[in-house]
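Biologist: Hello! I have a protein model open on my screen and would like to learn how to read it. Could you take me through it step by step?

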Amino acid sequence: MRAWSRAGQALLLVGPALILLLAVYLYPLARLLLLSFTGGPDGAFGFGAYGRFLESTVYTSVLLRTFRISLTVTLVCLVLAYPVSYVLSRAGSLTLRVAMVFVLLPLWTSILVRSYAWMVLLQNNGLINQLLRRLHVIDAPLRLMYSETGVVIGMAQVLLPFAILPIFASLRNIDPRLPAAARVMGAGPWRRFRSVTLPLSLPGVAAAGLLVFVQALGFFIIPALLGGSRVITLAMVIESQVVDLLDWSLASSMAMVLLVVTVLLVVGFDRLLGLDKVWV
Amino acid sequence: MTGARPHPLLWIVTGLVLVYLAVPSLLVVIMSFSGGLFLEFPPRTWSVRWYQAYWSSGSWKDATLRSFEVACAVTMLATSLGTLASIALVRLVVPGRSALRALMVSPVVVPTIVLSIGLYSVYARWRLIGTAAGLILAHTVLALPFVVLNVTAVLYKLDRSLERAARILGAGPLRTFTQVMLPLLWPGIASGAIFAFLISFDEIVVAMFISGSHPTLPKLMFDGIRYELNPVVAAVSSQLILVTSLALLGSAWARRRTERAGE
């Protein structure tokens, strides 16, 4: 009796959130899954849409481009985030606080605001090209807008905080006695870094890489605004299939591929390293 | 700290990266005061004409109000649903607890474009396209993980003996909740609520598909920059930066007050 009322109480508390998730989260996703299998001739059940997606060279090149951009963005973020996190993990509390405002500010600034700024900066007669021309680095303006370079610059700026925070956390959690011990035993600064600090911070680096890569895969706004029709990514194809071409089965099959890849990456990572441990 | 101080070169790299992070937001604020018809940096003339254009335009005002209404409703809905669910997940014996927790947090992982087209297809049948209710429900799904993460984080740290003491002293479950747990959970709930508000107010991809003929502020901004670089967007952006900075300062102040009260 008591156990029953406990279960009833729990249901009462979880119930409302569960109903919401069932209706406007799980059901829409399940419907996409179903739609993705209606791609056969005359809407018959089958893998037709997946076939059309993966056999078309146009769409596979979009898929490849999406992975290439995501990978580049991830590498750029990790390379930039590591030194910043390293310096911040050793900085005084005032420097740290000021720097953290800079790191967190973009998280709280609308992604549209930032895309807008990059569009102005990266234009052919934008600030960056003007500067480079005045310094006589280039003669003709670089094509930064509507190119993969521009998309990577914009996306890396948006995703950088997600790389800095976990790497910083893992560097902060290293017991300072470990590098000190290495020093006592005669290891120089480079050796201390390579054999002690770097290996101990790798879980943070891995978490940062995952967070950035997974988000980059599904990015829509930045590629749509900075890449335009020249840099089409998977999310953009999904949108145009739905909005312009009304090909729901193809759009759904692409969405399912994107969803499954994302979920597999996150779940696999969680099994291997445990997301809870690194995401503090 | 022990260990060598970072090499000066590393400090320079750090400085450059911080500039890279901050530059877009700062530039937009400066450009918003441009007097020219086209966006340029640095502006040749200065004016507040884009601010005037924003404040005198009906469509911008409607979109702002729409976003504000939706975000307020999302904040209330996500915070209450998320808090109740968190309490059950941490304190009660729920079958499939870890699966439920994973479900509630999972919308963070799902690419927004995927959820957006799913919602678009379902909402078209339910006639929810262009309605405030449809947007509120969809944004609540996106905000829920942040409420659950924030509230469960506080719950795990909370001393259970306080609730037991209240029960022993004769308080019913409701009274224990409102008079003992709620005040203690307040910091987690408040930061969850701020997250929920900002997520909804800032959300663009879902709104692009389902806001229909009643665009939200981000949707109108997106339209304003996708096909032309409308300078009004710079004025809107600067005001958004101001409002979010104030909201964050407010939350930092609230957190400090609760920390002090706890001492």
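Modeller: Gladly! Let us start with a definition: a helix here is a DSSP run of at least four residues, and helices are numbered from the N terminus. Keep in mind too that this is a predicted model.

Biologist: Thanks! Which helix holds A:Ala17?

Modeller: A:Ala17 sits in helix 1 of chain A, which covers residues 2-36.

Biologist: Is A:Ala17 buried or exposed?

Modeller: The general idea is to count neighbours: a residue is buried if 20 or more other C-beta atoms lie within 10 Å of its own. A:Ala17 has 28 other C-beta atoms within 10 Å, so this residue is buried.

Biologist: Which residues is A:Ala17 in contact with, leaving aside neighbours within four places in sequence?

Modeller: Contact means that two C-beta atoms lie within 7 Å. By that rule A:Ala17 is in contact with B:Leu81, B:Gly82, B:Ala85, B:Met104 and B:Leu144. For another pair, take A:Ala17 and A:Ser70: 53 residues separate them in sequence, and their C-alpha atoms are 33 Å apart in space.

Biologist: Let me step back. What is the secondary structure of chain B?

Modeller: Chain B has eleven helices and zero strands. Its C-alpha trace spans about 70 × 65 × 30 Å along the principal axes. Of the 263 residues in chain B, 44% are buried.

Biologist: How do I check the length of a helix?

Modeller: Compare its end-to-end distance with the span expected at 1.5 Å a residue. Helix 5 of chain B has 15 residues and reaches 20 Å from its first C-alpha to its last, close to the 21 Å expected. Helix 5 is mostly covered, with eleven of its 15 residues buried, among them B:Ile113, B:Leu115 and B:Tyr120. Just after helix 5 of chain B, B:Arg127 takes a positive phi of about 55°.

Biologist: And where does the kink in helix 6 of chain B lie?

Modeller: A kink of about 35° lies at B:Ala143, shortly before the proline B:Pro145. The 26 residues of helix 6 of chain B should span 38 Å, and the end C-alpha atoms are 37 Å apart, which agrees. Helix 6 of chain B is mostly covered, as 19 of its 26 residues are buried.

Biologist: What about B:Ala190: which residues does B:Ala190 touch, not counting those up to four places away in sequence?

Modeller: B:Ala190, in helix 8 of chain B, touches B:Ser251 and B:Ala254. With 17 other C-beta atoms within 10 Å, B:Ala190 is partly exposed. B:Val151 is 39 residues from B:Ala190 in sequence, yet the C-alpha atoms of the two are 8.9 Å apart in space.

Biologist: Finally, at what angle do helix 9 and helix 12 of chain A cross?

Modeller: Their axes cross at roughly 170° and come within 10 Å. Angles over 145 degrees count as roughly antiparallel, and helix 9 and helix 12 of chain A are therefore roughly antiparallel to each other. The residues that meet include A:Leu210 and A:Val214 in helix 9, and A:Leu265 and A:Phe269 in helix 12 of chain A. By class, that contact has eleven nonpolar, one polar and no charged residues.

Biologist: How do helix 2 and helix 12 of chain A pack?

Modeller: Helix 2 (residues 48-55) and helix 12 of chain A pack at an angle of about 70°, with their axes 8 Å apart. That makes the two roughly perpendicular. This contact has five nonpolar, three polar and one charged residues.

Terms used
Residues numbered from 1 in each chain as written. Chains lettered and ligands numbered in written order. Predicted model: local features only at pLDDT ≥ 70, side-chain atom pairs only at ≥ 80, totals over all residues. Axes fitted to C-alpha atoms, helices over the stretch in contact; angles between N-to-C directions. Parallel < 35°, antiparallel > 145°, perpendicular 65-115°, else oblique. Nonpolar A, V, L, I, M, F, W, Y, C, P; charged D, E, K, R; others polar. Buried ≥ 20, exposed ≤ 12 C-beta atoms within 10 Å, placed from the backbone. Expected span 1.5 Å × (residues − 1). Bend = angle between axes of the 7 residues up to and from the residue.
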